[in-house]
Amino acid sequence: MTRWLLLAFALGACDQVLGLEEVDPVALKVTGTFRYRTVVNNSAFEPMQVEEILPVDAFELVALVGNSETPVDYRADGSFSFPIDTPGEPYRIRYTAGAVVTEWQHTAREIAIGLLTAGRHDARPLVPTNVNVSSYVPKTVGQPLHLSSTGIYTQTSTGMAGPTVSFDWRLASPAAGAFSGLLDASKNDRIYAYEQESATEGAPFAYSRIRALTASSITQAQGTSAMLSAPAVVAPNLCVRATHNGAAEKTRMEVTHPRNYLSGKDTGSWLVYSTPAPDWVGLSGGIYTGFSPYAGARELDITPILHDPYLGSTIVVSAQAGLTFLTQQPGTGASKELQNITRVYAKAERGTPAACTPAVAQVDATVGLPGAFKLDGENLNFDNEEIALDLSRPPTLSWQVLAEGPIDFTAVAVYEVLAINNATEVVPRWSALAVGTSAQIEPAVLEVDHTYILAVVPQVGRPNATTGDFMTLEFPLQNSTIWTYSFIVRAPN
């Protein structure tokens with residue numbers, strides 16, 4: 001017994017003599033929490049925040065450390081953990097539930113992740129059922145009827161201008177961050193049918209707003225049709241003020257990413273969203289009440305007059321500036337238009353048409369702009385460049401920040417460039433959220449001799465993401481989509 005104890009003490013002393021450091025076992029384990037956040041209607045049809053812990057069998061959570069998958073110990077309280085080999089080692093966490101796949105990349109020992117959505121997760125799946133509106137006679141001939149809903153958050157142009165509209169609910173478009181489903185009056189879902197009109201009050205260009213509206217609670221079922229009354233004229237009840245530095249942002253993108261941009265195809269737009277709970281789920285569930293697209297990115301100072309029917313919502317103003325360029329798959333007869341584009345979202349104070357608020361929502365772009373992209377150390381300098389990649393491991397995309405500005409995290413997306421019907425198309429294959437100035441690309445989505453292009457999207461609005469907290473939100477939100485040049489994957493020599 002004494003001999004074994006002496007040997008143990010001796011080995012312990014050798015660690016110090018040889019310069020070996022004892023590794024804290026806690027440093028070799030990543031711990032985290034996974035939450036499902038959403039918003040639904042209460043009995044007054046106002047937004048109600050909900051946070052849920054998903055059961056273990058509702059999804060798959062996988063950690064990828066180095067070149068291998070690592071089992072994740074997900075527990076009933078929403079916490080999880082998994083081992084790593086060395087302290088601070090990069091890892092990837094992948095969430096999969098049906099067709100929904102989300103990936104986070106980090107090095108933090110503690111991480112908070114989850115889904116920010118809008119709408120009831122217990123919604124019944126879509127089946128054939130119609131929404132009908134009779135006697136719809138718009139002021140402007142040909143103006144289609146629009147539908148929106150809360151509880152299950154959607155917004156759709158029916159494309160039908162009356163006098164009778166019968167719309168298949170399976171074609172309803174979910175709002176951002178929302179999912180489709182059947183409406184249920186007993187769950188406080190609400191549907192709106194409305195007519196839009198063009199207005200110019202308080203803005204340099206025409207914009208769309210609600211002119212006439214009807215609202216109802218309905219319960220949908222297979223083979224049934226819900227009858228809504230014709231929209232009635234409503235008075236504007238909202239005025240907001242916002243500014244946007246679109247022209248300056250256009251110049252900033254041109255300087256940092258010089259391409260052969262199409263003359264006369266720089267674009268801009270502003271939207272006023274009615275959002276159910278922006279500090280809880282971000283833009284999820286947002287439904288626009290005012291919209292103005294225009295040619296040419298420019299400076300704005302606007303005070304649009306609108307109608308907002310959505311009870312208890314928060315107003316968010318969005319503006320964007322974009323530059324258009326072409327990419328083309330060799331051998332095709334038509335190229336594909338893509339845009340480098342910056343979008344900003346700022347909360348706005350409510351004013352009335354009689355007394356518009358003096359508070360200005362500054363929808364100004366300041367997000368850092370990435371560039372000088374390298375894939376496994378090879379520069380991406382021109383379209384259709386051939387890059388040899390070892391697909392037995394994740395290739396690394398790296399970049400520099402060419403235009404200084406805040407960046408909380410960066411989304412990276414892989415698109416395959418395809419020839420379809422003699423035209424160039426880009427098809428999404430994979431995406432992930434990462435911090436810092438690099439991201440690992442999932443090798444399974446890349447194939448030798450295929451062509452790809454990457455979208456790199458720096459974002460502002462999750463101030464603690466760099467330390468592992470992806471759940472805390474802070475407005476204004478910003479993102480800038482910057483495309484790399486396309487490349488062809490080749491096998492290494």
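**View 1. One cavity of 30 Å³ or more turns up in this predicted model.** A cavity here is a set of points on a 1 Å grid over the protein atoms alone where a 1.4 Å probe fits but cannot get out. The largest cavity holds about 80 Å³ of space, a volume being the space filled by probe spheres set on the points. Its lining has 13 residues, and the closest to the centre are Thr 150, Tyr 153, Pro 276, Tyr 310 and Ser 313; lining residues have an atom within 4 Å of a point. Seven of the lining residues are nonpolar, six are polar and none is charged. Since the model is predicted, local features need pLDDT of at least 70 and side-chain atom pairs pLDDT 80 or more, while totals for chains, interfaces and linings use all residues. Residues are numbered from 1 along each chain, and side-chain values use heavy atoms, leaving out hydrogens and water.

**View 2. Four strands make an open antiparallel sheet, in the order S28-S27-S30-S33.** Strands are DSSP runs of E, at least two residues, and helices runs of H or I, at least four; two strands pair if DSSP finds at least two bridges between them. S28 (378-379) and S33 (438-440) sit at the edges with a single partner strand each, so one side of each has no neighbour in the sheet. Three bridges join S30 (residues 396-403) to S33, with Leu 397 partnered by Ala 439 in S33.

View 3. Phe 34 lies in S1 (residues 29-41) and Trp 104 in S8 (residues 100-106), so the pair ties together parts 70 residues apart in sequence.

Terms used:
1 Å grid on protein atoms, 1.4 Å probe; cavity = no way out; pocket = protein on both sides within 12 Å on 5 of 7 lines; lining within 4 Å. Nonpolar A, V, L, I, M, F, W, Y, C, P; charged D, E, K, R; others polar.
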